[in-house]
Amino acid sequence: MARTIAQQTEEQLGGADSVLARQRRDHREMTRLMDLYRRTAPGEDAERALKDVVQLVFSHAFAEESVLWPAVRRSVPDGEELTSRVEEEHQQINDLVADIERLAPGSPEREDRIARAFALIEEDIRDEEDLLLPRLQEAVDTAAQRRLGAAWEAVRRTAPTHPHPVIPRRPPGNAVAGVPLSVYDRTRDALGISPSAPPWKALAVPGALLAAVVLAAAWRRRR
Ligand SMILES: [Fe+2]
Ligand SMILES: [Fe+2]
């Protein structure tokens, strides 16, 4: 009988590099950040904790949808049903966070969406650790769990970090839409541009850099 990965040792999960151990580490960090937000008085520190939750949750979930759930569908008999359930949770979290990024900080409406998004993230963590990942653990050996861990991590590090209505939940559509949006998100994060700011703000910097490169090339050709 498959058992939750919540209580197992790291060795039982296939070592620090296995996808199971990596998942649990991220889930613990999400829980820590959500608790931090709940404990922190409204203001800059609370907003920073919320931003960290969003960036971690979205890159984590994108890598799950790109690498992990296809592997679950291939190797677990009821993988289709299990992954549809977590994809539905991901979609609801996506919609709630899109609202959160649009609403004014401190408004009751936004606090309500944050509470609902956090509750769904906690539900998603339980479904993955108690139902889905134990089935994957039974179905594939430790070497495969580590290979999946490396692939999942590679995608996670370059994934979009904010909600986007245009990204489908399944490959190959999510990869096609996700790559350019990831560049866009990470530019905004690096420059500290708010997700509610108009898109031209984030595009202005790479646009200006591109214009500078084109001008420099044209100038060199004329000499
Ligand atoms: Fe997860
Ligand atoms: Fe998830």
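Visitor: What makes Arg74 count as exposed?
Guide: Arg74 has 10 C-beta neighbours inside 10 Å.

Visitor: What kind of model are we looking at?
Guide: This is a predicted model, in which local features need pLDDT of at least 70 and side-chain atom pairs count only at pLDDT 80 or more, while totals for chains, interfaces and linings use all residues. Residues are numbered from 1 along each chain as its sequence is written, and chains are lettered from A and ligands numbered from 1 in the order in which they are written.

Visitor: How confident is the predictor in the chain, and where is confidence lowest?
Guide: The predictor gives each residue a confidence called pLDDT, from 0 to 100. The chain averages 89, and 88% of the residues score at least 70. Confidence is lowest in helix α7 (residues 199-222), at a mean of 57, and highest in helix α1 (residues 19-39), at 98.

Visitor: How many helices and strands are there?
Guide: There are 7 helices and 0 strands.

Visitor: What makes Thr158 partly exposed?
Guide: Thr158 has 14 other C-beta atoms within 10 Å, so it is partly exposed. Thr158 sits in the loop between α5 and α6, and its C-alpha atom is separated by 8.2 Å from that of Val183, 25 residues apart along the chain.

Visitor: And why is Gln8 called partly exposed?
Guide: Gln8 counts as partly exposed because it has 17 C-beta neighbours inside 10 Å. Gln8 lies in the segment before α1.

Visitor: How much of the chain is buried?
Guide: Of its 223 residues, 32% count as buried. In soluble globular proteins, nonpolar side chains tend to be buried together.

Visitor: Which residues have the most contacts inside the largest nonpolar core?
Guide: They are Met34, Val53, Val57, Leu68, Val72, Ala117 and Ile121, in a core of 39 residues. Two or more residues come from each of α1, α2 (44-75), α3 (79-102), α4 (108-139) and α5, and α2 gives the most, with 13 residues. A nonpolar core is a set of buried Ala, Val, Leu, Ile, Met, Phe, Trp, Tyr and Cys residues joined through C-beta atoms within 7 Å.

Visitor: What does Met34 touch?
Guide: Not counting residues up to four places away in sequence, Met34 touches Val53, Phe118 and Ile121. Two residues are in contact if their C-beta atoms, placed from the backbone, lie within 7 Å. Met34 is also among the buried residues of α1, which pack against α2, α4 and α5.

Visitor: Which residues of α5 are buried, and why do they line one face?
Guide: The buried residues are Gln145, Leu148, Gly149, Trp152 and Arg156. Seen down the axis of α5, they fall within an arc of 110 degrees, so they line one face of the helix. The arc is that of the directions from the helix axis to the C-beta atoms. These buried residues pack against α1 and α2.

Visitor: Where does α6 have its kink?
Guide: The kink, of about 35 degrees, lies at Val179, shortly before the proline Pro180. The bend at a residue is the angle between axes fitted to the seven residues ending there and the seven starting there.

Visitor: What makes the peptide bond from Pro171 to Pro172 cis?
Guide: Its omega is near 0 degrees. Pro172 is in the loop between α5 (142-156) and α6 (173-191).

Notes:
Helix = DSSP H or I, 4+ residues; strand = E, 2+ residues; numbered from the N terminus. Buried ≥ 20, exposed ≤ 12 C-beta atoms within 10 Å, placed from the backbone.
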